[in-house]
Amino acid sequence: MAAVAAVRALLSLHQSVTLQHSFGHIPAQSPSTFLLRVFCSAPIDGNELKPPVDTENVSLLENLNLLGVDVKMARLRQPGVLRKASTNEQGLTRFLQGKGASRKVIAGIISRYPRAITRSIDHLAQRWDLWRDIFQKDEEIVSILDRSPESFFRTSDNGNLKKNIAFLTSLGLNAKDLHRLLTTAPRTFSNSLALNKQMVEFLEDIYAKLGGNNPEQFPRFVISRNLYILIRSTKRVKTNIDMLRASLQLRDSELLALLEGSGAEILDLSNEYLKRNFKSLNQRMASLGCRKADLKKLILSYPIVLYIGPDTLNTKLDCLLSGGITMKQILEKPKVLDYSTQNITGRLGELQRLGYDFQKSGINILDSSRKRFDAKMGKLNASPDD
DNA sequence: TCCACCGGGGTCTGCCATTACG
DNA sequence: CGTAATGGCAGACCCCGGTGGA
């Protein structure tokens, strides 16, 4: 998801700017003058507002600096950790080094989730082994810690982790599913067992109420379709389901079919986002002369359409319509909306150059892999009047 | 041999608020 | 009380290929 990545980058840029701003009154200085300052200011800590550094563990700060940790960032995130009398940054570092993590990665981990240095070696080893039950190589785990240190370190409850794995397995998730889940949504495994159970029970419940036949299969189905579901709140999922049911006036059987199909993939969207996308799609279709029934049919047959933001969706529709494709064709083959605007535009251009007639030949050609599309283009180029 | 149908796969953290705990 | 643990939130698509029927 390039868009997400871009937003992330913007966010973190913003964060680092605000961070610099909020610490603007502390001039950049070497570790030694920094420590000197701490010592000098310590005796005179009156009742005026003072930087939090006075009570911080000075030798800890020194260690962290040596490790290349961004202490400012750490202080911003979990200030309490820097005041602790005894921590395990050395042990953690050796441990992670032993697993193949670079200095830089380790520093990044501590900077972003300082509490990591409060975990004991025994704890770390045990947790690592539990993750290794799911991952084949230490390397994979290191890359996840690098990506999301919090997922691994946020809780110290290894028993809970063990129970989660057992619970997820009991739902029918196999080794491959667990691997995908832990790779994609590692936070799931740090949830309390109760929280995970709550979502699973919620799903079973809804499914049973709608008259589904095998409620015990349903959670596994939803999870493997939507790996993020367990790190969302039941409130969010419920609100989305209610919203879809109400605005499309779905019968139980229709809602059930939706949830059993690709509908599972849009359940975790934020409530506002789903609403906004729905509204925008509704408006656009109305302006194109579609009926309510068309909208309902589209969403039931291709729920993913609601995943697409208003701007992207409208651009895609514009491209397709101006390329000589009708709304009717799109409604019959909504999967064409799956492809990126860039992909669609590029293909439309290529096809136009060949004088491809969508009314005659349909639009299936747009829904194909790059390889297949190119193969088809090769053929069309060889015999253009086909 | 072709192509429509269909399902699967990648991908997602870092922060804040609240509650639990000592 | 301070810190630790935990829950929740915003953010916002794309692509590939097996397969069975024509």
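Predicted model: local features only at pLDDT ≥ 70, side-chain atom pairs only at ≥ 80, totals over all residues.
**A note on helix α18 and its surroundings**

1. Helix α18 itself covers residues 310–322, which is 13 residues. From its first C-alpha to its last it reaches 18 Å, close to the 18 Å expected at 1.5 Å a residue.

2. Which residues of α18 are buried? They are Lys 316, Leu 317 and Leu 320. Viewed down the axis of α18, the buried residues fall within an arc of 100°, so they line one face of the helix. Asp 311, Asp 318 and Ser 322, on the other side of α18, are exposed.

3. Stepping back to the whole chain, chain A has 22 helices and 0 strands. Of its 386 residues, 24% are buried. Among contacts in chain A with a separation of 6 or more, 78% come from residues 24 or more positions apart.

4. Another pair worth a visit is α7 (residues 121–132) with α10 (residues 158–170), whose axes are 10 Å apart and meet at an angle of about 10°. Angles under 35 degrees count as roughly parallel, and α7 and α10 are therefore roughly parallel to each other. On the α7 side, His 123, Gln 126, Arg 127 and Leu 130 make the contact, while α10 contributes Asn 158, Leu 161, Lys 162 and Ile 165. By class, this contact has 3 nonpolar, 3 polar and 2 charged residues.

Key:
Residues numbered from 1 in each chain as written. Chains lettered and ligands numbered in written order. Helix = DSSP H or I, 4+ residues; strand = E, 2+ residues; numbered from the N terminus. Expected span 1.5 Å × (residues − 1). Buried ≥ 20, exposed ≤ 12 C-beta atoms within 10 Å, placed from the backbone. Arc of directions from axis to C-beta. Contact = placed C-beta atoms within 7 Å. Axes fitted to C-alpha atoms, helices over the stretch in contact; angles between N-to-C directions. Parallel < 35°, antiparallel > 145°, perpendicular 65-115°, else oblique. Nonpolar A, V, L, I, M, F, W, Y, C, P; charged D, E, K, R; others polar.
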